[in-house]
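The structure is shown below.

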Amino acid sequence: IPVTAMKRHIDIPTPPDGAPGLHSFADADRITRLLDQAGFRDVALETMSVPMIDTVDGAAYWSWVREMAGPIATVYGRLPETVRPTVDREIAEAAEAQSQRRGKVRLAGETWITCAVK
């Protein structure tokens with residue numbers, strides 16, 4: 001949500017494949033390949049939905065993200081001061097629109113449960 005909103009106001013380059021970051025292990029093939037290269041076998045992955053955040057509103061969600069995700073806070077710091085209130089509003093509204101619970105911001109995330117044998 002934050003990156004989508006900020007991209008409307010500044011250029012945010014897409015990180016190269018394999019770069020460290022919040023989603024660096026989002027690709028199941030990459031995880032399997034890395035474990036294989038490390039000598040693991042019989043790799044099995046299963047996705048699991050997990051609660052990510054439950055806040056009172058979109059503004060609280062955005063405050064939490066800026067505190068927890070340093071790279072996103074860094075990009076936000078590059079925004080001109082005059083644009084930040086607009087971005088703040090866009091992010092809060094988008095989080096509330098995607099929420100699983102009316103009147104709050106409750107968003108789920110997805111993670112991998114991974115098993116392998118060495």
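The largest pocket has a volume of about 1,400 Å³. A pocket here is an open set of points on a 1 Å grid over the protein atoms alone, where a 1.4 Å probe fits, with protein on both sides within 12 Å along at least five of seven lines; lining residues have an atom within 4 Å of a point. Grid points are joined across faces, edges and corners, and the volume is the space filled by probe spheres set on the points. The lining holds 39 residues, and those closest to the pocket centre are Gly21, Leu22, His23, Ser24 and Ile72.

The model is predicted: local features need pLDDT of at least 70 and side-chain atom pairs count only at pLDDT 80 or more, while totals for chains, interfaces and linings use all residues. Residues are numbered from 1 along each chain as its sequence is written, and side-chain values use heavy atoms, with hydrogens and water left out.

Elements that supply at least two residues each to the lining of the largest pocket are helices H1 (2-7), H2 (28-37), H3 (58-68) and H4 (70-78), together with strands S1 (41-55) and S2 (105-117). Helices (H or I, at least four residues) and strands (E, at least two) are DSSP runs, numbered from the N terminus. S2 gives the largest share of this lining, six residues. By class, the lining has 24 nonpolar, nine polar and six charged residues. In this scheme Ala, Val, Leu, Ile, Met, Phe, Trp, Tyr, Cys and Pro are nonpolar, Asp, Glu, Lys and Arg are charged, and the others, Gly among them, are polar.

**Salt bridges**

The count of salt bridges is six, where a salt bridge is a side-chain nitrogen of Lys or Arg within 4 Å of a carboxyl oxygen of Asp or Glu. Among them are the pairs in the table.

| Pair | N to O distance |
|---|---|
| Arginine 8 and glutamate 90 | 3.3 Å |
| Lysine 104 and aspartate 54 | 3.6 Å |
| Glutamate 93 and arginine 89 | 3.7 Å |

Arginine 8 is exposed at 53% relative accessibility, whereas glutamate 90 is buried at 16%. Buried means under 20% relative accessible area, exposed over 50%, and partly exposed in between (1.4 Å probe, protein chains only).

The side chains of lysine 104 and aspartate 54 also meet in a salt bridge. Because lysine 104 sits in the loop between H5 and S2 and aspartate 54 in strand S1, this pair ties together parts 50 residues apart in sequence. Lysine 104 is partly exposed, with a relative accessible area of 27%, and aspartate 54 is partly exposed at 38%. Asp54, Lys104 and Arg106 are linked in a network of salt bridges.

Glutamate 93 and arginine 89 both lie in H5, four residues apart, about one turn of the helix. Glutamate 93 is partly exposed at 45% relative accessibility, and arginine 89 is partly exposed at 45%.

**Helix H5**

H5 has 15 residues and spans 21 Å from its first C-alpha to its last, close to the 21 Å expected at 1.5 Å a residue. The expected span is 1.5 Å times one less than the number of residues. Buried residues in H5 are Arg84, Val87, Glu90, Ile91, Ala92 and Ala95. They pack against H1, H3, H4 and S2, with contact meaning heavy atoms within 4.5 Å.

**Individual residues**

Arginine 101 lies in the loop between H5 and S2 and is partly exposed, at 35% relative accessible area. Leaving aside neighbours within four places in sequence, arginine 101 is in contact with Asp54 and Arg106. Arginine 101 and tryptophan 112 are eleven residues apart in sequence, and their C-alpha atoms are 24 Å apart in space.

Threonine 111 is in strand S2 and is partly exposed, with a relative accessible area of 34%. Not counting residues up to four places away in sequence, threonine 111 touches Glu46, Thr47, Met48 and Val50.

Most residues other than glycine have a negative phi. Aspartate 42 is not a glycine, yet has a positive phi of about 50 degrees. Aspartate 42 lies in strand S1 and is exposed, with a relative accessible area of 55%.
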